[in-house]
Amino acid sequence: MTTRCLRILVLTCSTRPGALGPAVGGWLTDTLAPVAKELDVDLVPVAIGDLDLPFLDEEEHPSTGVHRHEHTRRWSRIVAEADGFVFVTPEYNYGMPATLKNALDYLGPEWAWKPAGFVSYGHTSAGTRAVQHAKQVVTTLRLVPLGSTVAIRIADAMRDDRFAPGPRHAEAAEGPLGELVRVAHALTPMRERGHADAVTGPLPGSYVRPLGPDDAAEVTVLQRCCWLEEALINDTLDIPALHETLDDVRAWLAEWDVTGLWRDGRLLGMVRTRRDGDDLHIGRLAVVPDLRGLGVGRWLLGRAESAAEGCRRVLLTTGVASHRNLALYQRQGYVVLPDPRDDGAVDLAKAVTV
């Protein structure tokens with residue numbers, strides 16, 4: 001599960017000229033900014049009125065992800081990049097605005113497994129009936145609505161014809177943001193499994209996806225866990241994976257092609273590759289200790305080798321006393337290179353067959 005900053009869309013739903021929505025959305029974003037910083041959240045204000053979305057005009061079903069119009073593709077990118085949403089909505093005739101329903105209906109998979117919070121405003125009911133209406137729709141899209149909401153009675157929040165809610169409204173808004181962040185983190189594995197780059201892994205419920213700098217924390221933990229055993233076996237602590245800082249790990253994650261195996265938000269294994277002329281270098285093949293012996297390392301190695309098309313050979317390195325690793329590599333066709341090394345490691349190579 002990545003530790004990157006969460007991206008939360010604050011969506012102002014009303015498009016009526018002179019509507020109160022922009023003032024409510026602006027107040028919410030400004031009020032929550034300090035708390036968002038503490039929670040490592042990026043609040044992104046978006047107004048439906050700025051999206052230029054006509055009433056749904058796509059021929060294909062939203063579930064296909066096929067979008068013919070540029071306004072739909074732009075909206076799809078905005079929603080897909082978000083980790084959660086806060087809908088700032090009025091109540092129109094016991095329901096949500098048609099503009100919100102239309103914006104929801106445009107998309108399908110982009111909404112899935114993301115939390116949805118609501119800030120409503122209105123007169124007698126403070127917009128609560130719009131929220132109840134919207135929750136019926138968002139759950140169908142596999143959005144996960146929060147239990148806590150913020151409901152603002154307009155008469156209680158106006159000062160001299162200006163929207164100026166009191167401290168109690170600000171306090172009421174902080175709780176849902178914290179809940180939204182917790183739910184967004186909890187749902188991350190569900191979102192990642194449906195990502196376009198995710199591929200089913202070798203274990204039930206597992207999947208693989210590319211790793212990047214945002215995954216440095218999980219990669220660092222995996223390295224310390226796996227290479228400590230290597231240090232004991234080879235009687236040396238002079239192993240880079242044990243000493244790299246988070247910045248070191250971020251740096252090589254940006255330079256290498258790295259595949260991570262995940263399940264339920266836990267990084268189970270990884271491997272990295274990089275081409276150098278006619279050679280493919282494979283490194284940092286790691287599997288959590290409790291899953292060794294199940295063929296996971298062999299599966300990751302095979303996946304790494306699939307990048308060797310056009311190369312002459314594949315190269316990798318392991319400790320001279322790492323007999324389990326050596327046996328795995330030799331079973332897969334690797335041979336130990338004759339040139340000795342001074343650091344207690346051995347190089348292995350495998351010819352690439354066409």
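**View 1. Glu-192, a residue that counts as buried at 10% relative accessibility.** Buried here means under 20% relative accessible area, exposed means over 50%, and partly exposed lies in between, with a 1.4 Å probe and protein chains only. The model is predicted, and for that reason local features need pLDDT of at least 70 and side-chain atom pairs count only at pLDDT 80 or more, while totals for chains, interfaces and linings use all residues. Residues are numbered from 1 along each chain as its sequence is written, and side-chain values use heavy atoms, with hydrogens and water left out. Glu-192 belongs to helix H6 (residues 167–193); helices (H or I, at least four residues) and strands (E, at least two) are DSSP runs, numbered from the N terminus. The side chain of Glu-192 makes a polar contact with that of Tyr-207, at 2.7 Å. Such a contact is a pair of N or O atoms within 3.5 Å, of which, within protein, one must be able to donate a hydrogen and the other to accept it, and residues adjacent in sequence count only if both atoms are side-chain atoms.

**View 2. The second largest pocket, with about 820 Å³ of space.** Among the 30 residues that line this pocket, Arg-4, Ala-80, Arg-191, Glu-192 and His-195 are the closest to its centre. On a 1 Å grid over the protein atoms alone, a pocket is an open set of points with protein on both sides within 12 Å along at least five of seven lines, a cavity is a set of points where a 1.4 Å probe fits but cannot get out, and lining residues have an atom within 4 Å of a point. Grid points are joined across faces, edges and corners, and a volume is the space filled by probe spheres set on the points. H6 gives the most to the lining of the second largest pocket, with five residues.

**View 3. Helix H11 (residues 323–331), with Leu-326, Leu-328 and Tyr-329 buried.** Just after H11, Gly-333 takes a positive phi of about 100°.

**View 4. The largest pocket, with about 1200 Å³ of space.** Of the 45 residues that line the largest pocket, Trp-227, Thr-317, Thr-318, Asn-325 and Tyr-329 are the closest to its centre. S13 gives the most to this lining, with seven residues. The lining divides into 20 nonpolar, 13 polar and 12 charged residues, where Ala, Val, Leu, Ile, Met, Phe, Trp, Tyr, Cys and Pro count as nonpolar, Asp, Glu, Lys and Arg as charged, and the others, Gly among them, as polar.

**View 5. The largest cavity, with a volume of about 90 Å³.** The structure holds one cavity of 30 Å³ or more. Residues that line the largest cavity include Leu-28, Val-86, Phe-118 and Leu-177, and H6 provides the largest share of the lining, four residues. By class, this lining has 11 nonpolar, one polar and no charged residues.
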